[in-house]
Every structure is written in structure tokens, then in C-alpha cells.
Amino acid sequence: MGNDRATPRYILTIDGGGIRGLIPALILANLEERVGRPLHRCFDLIAGTSTGGIIAAGLTAPSQRDPKTAACTARDLADMYRNDGKRIFPHVLGLSQRLPGFPYSARPLEEILAKRIGTTATTRDALTNIVIPAYDLLGREAVFMAGGPAYNAAIGDPQRDFPLYIAARATSAAPTFFPPAAIAATAAVGATKAQPALLLVDGGVFANDPTIAAITEAPKLGWNIGDLEILSLSTGSSNRPFKSAGHWSIFGWVNPFRRVPIVSILMQAGSSTISYQAERLVGAAHYDRADITLSPNGGGLDDAGPEHLAELTTLADDWIVGHPEVLDRWAAKLSAKR
């Protein structure tokens, strides 16, 4: 690991977490206002998993009106969670409009992503470098949907190109919440082999926190790991114990009335482990993690009700007020970036 930080590389990573994506969106809106310019001009790479992938795609997709500007600001994305969340996760009188154990329809989510992000921009067109993880059920392997200026310049064998709104849909296809995203096989375009069909689910099954994915991409782009500066945003973690787990059958682990414990456990365990690994790799002085403790009785990943949205807003605001030194430090670094 190199010690020369003459060329720092600023990386933003955003966890998965369903409607709780409102938390990092609000933190980023505050940071964007402090810096005074769009975040795609501040960060050298933005990585996001699941709801974090939606944020990453929105911040980096070229606008269909002006390709030099991003499709979304962080404030736009916060508004998406507040205004569109109830369409993505429809409830009536607080009860989910889906049969227990079955997924929501993906159509509202797809329509919202197409409107917010646009349908023409691809990972290759991203305004800054981007990494969005998903998992392929056909090839049984991780897929990193990546692209942007440094990828286009540095990699001889091109990355597979994905429409950014499709990448956002695929990375957020959380098991039991949404059906997988089917990606058709395509002919090779400058690549060394044909591109197979994919059936993608949420990258949170292996990388709910995409920070390690971002770190491992750095050498592909000619960056030293010793030059990395990382801001990592969680969507909150729960300290709610599962005291009855010793008596669960398989249905207990996937019980939607317990908020699908296996999904919650996999997400939180992965994020906490990756956070520890990332800090060890780049050093505590060059890694900041916004981790927030959720209310034990708070809403689930799919609770877009007004009370839960208000609670998430309060959690984000409390973190912002409680950590001005982190935001000021990052605003100063990003403001100085050319």
C-alpha cells in the first residue's frame, strides 16, 4: 500500500436498505449544499448497493435535458423517497398490499427509475466512475455494473454496458421484496466474448456495503489504494435482538411479519464486516463511516408511511447536527478538488 497521497481519490459508498435510503440521500443533500457543486464533480467514484445503487445512478446519470448535468441532485433523490415511496411499497391502512412472502410488483419502481434517471444513459455514460453490485442467479456469481470516464480510458477489455436505470432496478431486487431483473443476452460490443443473459438480484446478498467492491476496483483504474479517501454512508443498523430464533423453522427466517429476518441479518452482518475491513485497508484517518442506530420499533425496509419517513428524516438530521466535523472536513476536501 502506497503512502504518497499527492493524488487523493475520493470515493463515496452507499449501503442498501430500501426506503431507508432517505437517510443517506439527506446527508448527501447537506454535503452537496456545503460544497456548492454537484457530487459527480466531487467524487472520483461512487458505489452503491440496492437503494444505494439507485442513489449512485441518479447522481451520475447524465440528464436527458443537459448531458453535462446529473439527472438528480441528492435533494431530488430525497424527494423521490418521500413522494414515490408509497408507489414502490404500496400499503393500505399500514398493511402491505402484497401477499405474505410474495414480492411487490416491480413495475412502479421501474417507471419511477425510468422517469428519474432516464432510459438512455448507460454505465459507460456515467458522469463520474460508478460501481453497482448485483448477483446473477444464472451464472451464480457477483456482477459489478461499472463504468465512467476512468473505466473508458483505462480498461482494454470493456465493461459490459448497462442502462443506468436497469442497473438501479437490478441492484435493488431484494429477495422476497421484488422479482429478479432479467437482462437479455447481447452481442459483444468491443468485448472479447458474447455477453450472456443475466438474472440479477440485490447486491446486498453479498455486499450490502459496497466499499470493498469500490476499493478492489481502484487498481483497475490505475489508482493506488494508499491514495483512497472514503466516505461511507449506511442506511441505519438495528440492535433489535431475535430472541426466539432458536425455535424458528425455515418459515421463521423468511417470515414477513418479522421483517424477513434472514434479509436483515445478511445485510447488517455484511455491512458491519465490510466497514471493519475497509477501515483496516485504507486507514482510519482516510475513512469516514456514517452509521446510525435505528429505533427498535421503527418501520421496515418497505414502510413508506409518513411516520416512518419522519423518523428517518429525524435520524438523518440528528446525524448531520451531531457530526459537523465530518461534513466540514469532506466539504473542504471536495471543494478543493479540481
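Analyst: Happy to! In the largest nonpolar core, which has 78 residues, the members that touch the most others are Ile27, Leu28, Leu31, Phe43 and Met145. A nonpolar core here is a set of buried Ala, Val, Leu, Ile, Met, Phe, Trp, Tyr and Cys residues joined through side-chain atoms within 4.5 Å. Buried means under 20% relative accessible area, exposed over 50%, and partly exposed in between, with a 1.4 Å probe and protein chains only. Helix α1 (residues 22–35) supplies the largest share of this core, nine residues. Helices are DSSP runs of H or I with at least four residues, strands are runs of E with at least two, and both are numbered from the N terminus.

Please keep in mind that this is a predicted model: local features need pLDDT of at least 70 and side-chain atom pairs count only at pLDDT 80 or more, while totals for chains, interfaces and linings use all residues. Residues are numbered from 1 along each chain as its sequence is written, and side-chain values use heavy atoms, with hydrogens and water left out.

Back to Phe43: leaving aside neighbours within four places in sequence, Phe43 is in contact (heavy atoms within 4.5 Å) with Tyr10, Ile11, Leu12, Leu31, Thr128, Leu231, Trp330 and Leu334. There is also a second, separate core of 17 residues, and Ala146, Tyr151, Ala214 and Ile215 are among them.

The buried residues of α11 are His308, Leu309, Leu312, Thr313, Leu315, Ala316, Trp319 and Ile320. Seen down the axis, they fall within an arc of 155°, so they line one face of the helix; the arc is taken from the directions from the helix axis to the C-beta atoms. Pro306, Glu307 and Val321 are exposed on the other side of α11. The buried residues of α11 pack against α1, α3 (74–88), β10 and α12 (324–336).

Helix α2 (residues 51–60) is mostly covered, with 10 of its 10 residues buried. Among them are Thr51, Ile54, Ile55 and Leu59.

What about the cysteines? A disulfide is a pair of cysteine sulfur atoms within 2.5 Å, and the whole structure has zero of them. Cys42 is in no disulfide, and the nearest cysteine sulfur, that of Cys72, is 16 Å away. Cys42 is buried at a relative accessible area of 0%, and Cys72 is buried at 4%.

Two loop residues bring in polar groups. Asp302 lies in the loop between β10 and α11 and is buried, with a relative accessible area of 11%. Its side chain makes a polar contact of 2.5 Å with that of Tyr104. A polar contact is a pair of N or O atoms within 3.5 Å; within protein, one must be able to donate a hydrogen and the other to accept it, and residues adjacent in sequence count only if both atoms are side-chain atoms. Beyond four places in sequence, Asp302 touches residues including Phe89, His91 and Arg98.

His286 sits in the loop between α10 (261–282) and β10 (287–290) and is partly exposed, at 22% relative accessibility. A polar contact of 3.0 Å links the side chains of His286 and Glu229.
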